[in-house]
Amino acid sequence: MELNFREIVTATMVLFAVIDIVGSIPIIINLRAKFGHIQSEKASLVSAGIMIAFLFVGDEILKLIGIDVNSFAVAGSFVLFFLALEMILGIRLYRDEEASSASIVPIAFPLIAGAGTMTTILSIKAEFHSINIIIAILLNVLLVYLVLKSSAKIEKMLTKNGLSIIRKVFGVVLLAIAVKLFAANVKGLFV
């Protein structure tokens, strides 16, 4: 167990950019308008459970299907790259099915702990200690909880342009992280 402040900050920022809870505020507001109350506590706890479980079981799943962590990290860098392009350019490359209720399924999974988040967790596990990633996950879940609880206030405070600017800035950060992740792990494919 090695606590490293730099790793915690980096992993927190990476997960924050991938989870994109700020960019998901319009979706959350739409779900709240359609279905009423959003169970913030339940959604946050379930998403934390999914992410932490995947941090530890994800490697075993990869081994079971014969994929090494470096290959997964390189593949993850491509996913992060395309997520970043979506955020920066304001386009949608991947479309989820429309949610039928505002319960655990559309919010905890796949909105918070979706494919991009899972890929990111395993990708950064190739570089960071698990304890630092767990702390980053918990910090992000706390932020997710606060955003879910106060989405109406945030909607009033930030204009549509404000949300767009935040999303684009984190898109550029995520793009840089994707390039770094690719560069750090691509060498491991040829060893």
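**Entry 1**

Helices (H or I, at least four residues) and strands (E, at least two) are DSSP runs, numbered from the N terminus.

I also noted that α1 passes α9 in a left-handed crossing, meaning the near helix is turned anticlockwise from the far one by less than a right angle (clockwise would be right-handed). Which residues meet there? From α1 I found Met-13, Val-14, Phe-16, Ala-17 and Val-18, and from α9 Phe-170, Leu-174 and Ile-177.

**Entry 2: ground rules**

Residues are numbered from 1 along each chain as its sequence is written, and side-chain values use heavy atoms, with hydrogens and water left out. Since the model is predicted, local features need pLDDT of at least 70 and side-chain atom pairs count only at pLDDT 80 or more, while totals for chains, interfaces and linings use all residues.

**Entry 3: α6**

Next I checked α6 for burial. Buried means under 20% relative accessible area, exposed over 50%, and partly exposed in between (1.4 Å probe, protein chains only). In α6, 10 of the 11 residues are buried, so this helix is largely enclosed by the rest of the structure. The cover over its buried residues includes α1, α3, α4, α5, α7 and α9.

I picked Thr-120, which sits in helix α6. Thr-120 is buried, at a relative accessible area of 1%. Leaving out residues up to four places away in sequence, Thr-120 touches Val-14, Leu-15, Val-18 and Leu-80; contact means heavy atoms within 4.5 Å.

**Entry 4: the core**

I then turned to the largest nonpolar core, which has 44 residues. Such a core is a set of buried Ala, Val, Leu, Ile, Met, Phe, Trp, Tyr and Cys residues joined through side-chain atoms within 4.5 Å. Ile-21, Met-51 and Leu-148 touch the most other members. Elements giving two or more residues to this core include α1 (5-19), α3 (40-65) and α9 (160-186). The largest share, eight residues, comes from α7.

I looked up Ile-21 too: not counting residues up to four places away in sequence, Ile-21 touches Phe-16, Ile-28, Val-144 and Val-147.

**Entry 5: salt bridges**

- Glu-41 and Lys-149 meet at 3.2 Å, N to O. Glu-41 is in helix α3 and Lys-149 in helix α7, so the pair ties together parts 108 residues apart in sequence. Glu-41 is partly exposed at 37%, and Lys-149 is partly exposed at 45%.
- Asp-59 and Lys-125 meet at 2.9 Å, N to O. This pair links helix α3 with helix α6, 66 residues apart. Asp-59 is buried, and so is Lys-125.
- Glu-127 and Lys-180 meet at 3.5 Å, N to O. Glu-127 lies in the loop between α6 and α7 and Lys-180 in helix α9, so the pair ties together parts 53 residues apart in sequence. Glu-127 is partly exposed at 29%.

Notes
Salt bridge = Lys/Arg side-chain N within 4 Å of Asp/Glu carboxyl O.
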